[in-house]
Amino acid sequence: MTKPVRVRFAPSPTGYPHVGNIRTALFDWLLARHAGGSFILRVEDTDVARRVEGAVEAIMDGLKWLGLDWDEGPEVGGNYGPYFQSQRLELYRDAARRLVSQGDAYYCYCSPQRLEEMRAEQVRQKQPPGYDRRCRNLTELERAQKEAEGITPVVRFKTPLEGQTRFNDLIWGEVVFEHNTIDDFVLLKSDGYPTYHLANVVDDSAMKISHVIRAEEWISSTPRHLLLYQALGFEPPQFVHHPMILGPDRSKLSKRHGAVSILEYREQGYLPETMVNFLALLGWSLDDKTEILSRKELTDNFSLERIGRTGAIFDWNKLSWMNGVYIRRLSLEDFTQRALPFLEKGLPSSVKRPLSIDYTRQIMPLIQERVRTLTEVAGLTEFFFIDGLDYDSSLLIVKKMNQESAVKALEVSKQKLVPVEAFDTGSLEAVLRPLAVELGLKAGQLFGSLRVAVTGRTVAPPLFETMSVLGKERCLERVESALGRLRSL
RNA sequence: GGCGCAUUCGUCUAGGGGUUUAGGACACCUCCCUCUCAAGGAGGAGAUCACCGGUUCGAAUCCGGUAUGCGCUACCA
């Protein structure tokens, strides 16, 4: 019987929820759900200086938005808590003390200034930077002196000087590191907080984590962790390093490349189902052709083995396309409900709030297949909501027409429209389509002119549908106003 | 500088010795549909599989080297 799958997403609350981290969480969640295991959320708040207020909430907000529910962690508890590292400090101190007494770690009294100078010197001499182990073999007397000076020491790991550590990464295969390339890293900081290395090993072990899934950038520190597992007598988990998400210049995706917080995507009108699908496909693939996968298909088919080894550039273009696909698949009601907040926010303040749901519901089918993000909805439908249209009057004169023919076209249209009782798509077409012929115009010319009159734009949803939703009164009003504009041209 | 890793169309990727004239998707171009824009349909263009050598009857696929890129190299994660 194999051990149950227990994976954890362990963000540090030092900022917004970066899509790269969220994608790691997705992989964690996908594996847990695929294998019937547990997905654990653990907050690694061990950096007091970089801690950002509200970051934990933002991270949880992002996970919830995507539907990545966690089985253990903040808000839900669990048998391996607490799930904030700041509440587990005793555990790390115990481990550090144990390591020191075993001779696997030692107190270091070097000042930050000295370390900095040392590093600068090493770089100048083109030596690999790293702690020079000055405090590794301090005598009892020397230590007592330092203590007497009131220096609070850090605890460093006593890295073996020789030998090597190797591990078999599920994605990268076997990786080997020589111990002489690893320095004596800090385990416990002078403020009493652990470093990532210590906390991560202690907790992953205590929480019985089966797979450590994290970004490729951690691969270099994995031997340190393995050394710690060994010194502490813990059984190491399976390591799974995945490639990073890159910006267009192939460097690690960062703020200067554009939106990096998952919450920004929500604000920009992307659907959570799009983000889940897109992020999953950034580094993972099912086969040679499947692009659109539902949450269920994803959890059913997910496997670590199919995660690639090369960094993937975040392609906003493809994201937009995919969002369009998901938007088009929404039921009308669902689409309306999701678009509503974006309309409330995006429409001009002159539009009376709250918006009429019924009216909005009539408009939405006209644009649903035309938008790629929810933020576009307001701009595309504005003319349905505002009173006076603002546009360049010359637009009323469509190609190969002149002022005179345009006036005539709108004039006659108006006359034909007045008696139309049922202002629906069919009736409108029945009246207007023959009219173009009658006027000796192409359908495109007449409809184009009417489109501008009625919507104020050259690009809009189909004319008859639009007019029908707008209603007879408003259409006639707008045609009249267009006529006024034409005459004073 | 050291260590580690990677390298298939512009981008995401499939493919793991012969079935590959290297498949799909986004983007791009053409055409069809059509009242504009979308959506949809049909085509097209786009990759000497980083380079050099080796193994083999045969290499995108295996091996070595080179180049380039990226990551790590904190009392940050």
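1. The residue that follows α9 is G283, and its phi is positive, near 115°. Helices here are DSSP runs of H or I with at least four residues, strands are runs of E with at least two, and both are numbered from the N terminus. Helix α9 itself covers residues 272–281 and is mostly covered, since 9 of its 10 residues are buried; buried stands for under 20% relative accessible area, exposed for over 50%, and partly exposed for what lies in between, with a 1.4 Å probe and protein chains only. The buried residues of α9 are P272, T274, M275, V276, N277, F278, L279, A280 and L281, and they pack against α1 (19–35), α2 (55–66), α8 (262–267), α10 (295–301), α11 (316–329) and α12 (332–346). Contact is defined throughout as heavy atoms within 4.5 Å.

2. On provenance, this is a predicted model, in which local features need pLDDT of at least 70 and side-chain atom pairs count only at pLDDT 80 or more, whereas totals for chains, interfaces and linings use all residues. Residues are numbered from 1 along each chain as its sequence is written, chains are lettered from A and ligands numbered from 1 in the order in which they are written, and side-chain values use heavy atoms, with hydrogens and water left out.

3. As to overall form, chain A contains 19 helices and 11 strands, and its C-alpha trace spans about 105 × 50 × 40 Å along the principal axes.

4. Of the 489 residues in chain A, 51% count as buried, and 75% of the contacts with a separation of 6 or more are between residues 24 or more positions apart. The chain exposes about 23,100 Å², of which carbon and sulfur atoms supply 50%; these areas come from the Shrake-Rupley method with a 1.4 Å probe, and for residues only the protein chains shown count as cover.

5. The 63 positive and 65 negative charges of chain A have mean positions that are 3 Å apart. In this count Lys and Arg are positive and Asp and Glu negative, while His and the chain ends are not counted, and each charge is placed at NZ of Lys, CZ of Arg, CG of Asp or CD of Glu.

6. The domain assignment divides chain A into domain 1 (6–85 + 245–313), domain 2 (88–242), domain 3 (331–375) and domain 4 (393–487), with bounds that come from an automatic or database domain assignment. The C-alpha centres of domain 1 and domain 2 lie 27 Å apart, and 26 residues of domain 1 are in contact with 27 residues of domain 2.

7. Two helical residues may be checked in the viewer. L432, in helix α16 (residues 425–439), is buried at a relative accessible area of 0%, and beyond its neighbours within four places in sequence it is in contact with S413, L417, L446, F447, L450, F464 and M467.

8. Backbone geometry deserves a separate look. Most residues other than glycine have a negative phi, and most peptide bonds are trans. The peptide bond from G81 to P82 is cis, with omega near -5°, and P82 lies in the loop between α2 and α3 (89–102). The bond from R353 to P354 is cis as well, with omega near -10°, and P354 is found in the loop between α12 and α13 (357–367).

9. K208, although not a glycine, has a positive phi of about 55°; this residue sits in the loop between α6 (196–206) and β8 (211–215) and counts as exposed at 51% relative accessibility. R250, likewise not a glycine, has a positive phi of about 70° and is exposed, with a relative accessible area of 53%. R250 belongs to the loop between β10 (245–246) and α8, and S261 has its place in the loop between β10 and α8 too. S261, however, is buried at 5%, and it touches Y16, P17 and V19 when residues up to four places away in sequence are not counted.
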